Amino acid sequence: MPSETPGPLLLFTFFLSTFLLYSQPISTVASPDPAFSQSSGTDYIRSSCGATLYPEICYTSLSRYASAVKQSPSRLARVAIGVSLSRTRRLAAYVSNLTRHEDFGGDHRGAAALHDCLSNMGDAVDEMSGSLKQMRKVGAAGLSAESFQFQMSNVETWMSAALTDEETCTDGFEDVADGAVKTEVCNRVEDAKKFTSNALALVNTYAAAGTP
């Protein structure tokens with residue numbers, strides 16, 4: 001038995017609803033926050049990154065968080081610490097995996113340097129985690145200037161210690177014969193150090209402002 005052909009009215013209704021569905025303006029899907037300009041947020045981050053040793057790395061790694069940072073030095077410092085912490089955690093996992101499979105061809109100095117590096121990375125992760133936790137408290141309402149300076153001093157100390165731990169890792173490979181593993185580890189640590197250095201610079205800038 002042949003199927004019935006849709007009537008003209010039914011076809012018209014179908015095409016009209018389809019047209020209306022796909023002709024909706026984009027603004028009805030996602031309404032931007034009129035109080036915040038994405039460009040002003042990224043401009044603020046670029047300007048702030050000028051205080052770091054690696055401004056381009058700073059900007060490219062943090063600009064994606066412009067809508068969260070807005071123009072807050074506190075939020076920018078927190079995000080920078082978080083980005084550095086994430087990178088250092090991945091690095092620690094990489095070094096940990098190497099310690100289980102790499103023996104440097106029986107070179108005890110290489111194996112020892114690798115294990116020491118893992119310990120350094122673990123310490124750096126702990127120090128950055130402590131810094132991030134402290135930064136979350138800094139934004140508390142009613143914080144006195146004295147308390148602000150005390151807490152920020154802790155953050156600066158811990159982030160500086162994390163950077164030192166990363167530097168200690170690469171220093172430990174100075175007496176190890178050159179090779180692919182040494183080069184890869186040192187290159188990755190040098191990369192992580194740039195992010196930690198940038199985060200520390202942004203923390204220092206925020207602390208120098210003297211206001212929570």
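How many helices and how many strands does the secondary structure of the protein chain comprise? In this predicted model, the protein chain has 8 helices and 0 strands, so that, read from the N terminus on, its elements run α-α-α-α-α-α-α-α.

**The chain as a whole**
- Of the 212 residues in the protein chain, 38% are buried, while the chain exposes about 12,300 Å², of which carbon and sulfur atoms supply 57%.
- Among contacts between residues at least 6 apart in sequence, 74% join residues that are at least 24 apart.

**Helix α7**
- Helix α7 covers residues 145-171, and because 27 residues at 1.5 Å a residue should span 39 Å, the 38 Å between its end C-alpha atoms agrees with that expectation.
- The buried residues of α7 include Phe-148, Gln-151, Met-152, Val-155, Met-159, Ala-162 and Leu-163, and also Asp-165, Glu-166, Cys-169 and Thr-170.
- These buried residues pack against three helices, namely α5 (73-101), α6 (108-138) and α8 (180-209).
- As a general point, an α-helix has 3.6 residues a turn, so residues three or four places apart point the same way.

**Helix α3 against helix α8**
- The axes of α3 (residues 55-62) and α8 come within 10 Å and cross at roughly 85°; because angles of 65 to 115 degrees count as roughly perpendicular, the two helices are therefore roughly perpendicular to each other.
- On the α3 side the contact is made by Ile-57, Cys-58, Ser-61 and Leu-62, and on the α8 side by Lys-194, Phe-195, Asn-198 and Leu-202.
- Sorted by class, this contact of α3 with α8 has 5 nonpolar, 2 polar and 1 charged residues.

Note on methods:
Residues are numbered from 1 along each chain as its sequence is written. This is a predicted model: local features need pLDDT of at least 70, side-chain atom pairs count only at pLDDT 80 or more; totals for chains, interfaces and linings use all residues. Side-chain values use heavy atoms; hydrogens and water are left out. Helices (H or I, at least four residues) and strands (E, at least two) are DSSP runs, numbered from the N terminus. The expected span of a helix is 1.5 Å times one less than its number of residues. Buried means under 20% relative accessible area, exposed over 50%, partly exposed in between (1.4 Å probe, protein chains only). Contact means heavy atoms within 4.5 Å. Axes are lines fitted to C-alpha atoms, for helices over the stretch in contact, and angles run from 0 to 180 degrees between N-to-C directions. Angles under 35 degrees count as roughly parallel, over 145 as roughly antiparallel, 65 to 115 as roughly perpendicular and the rest as oblique. Ala, Val, Leu, Ile, Met, Phe, Trp, Tyr, Cys and Pro count as nonpolar, Asp, Glu, Lys and Arg as charged, and the others, Gly among them, as polar. Accessible areas come from the Shrake-Rupley method with a 1.4 Å probe; for residues, only the protein chains shown count as cover.
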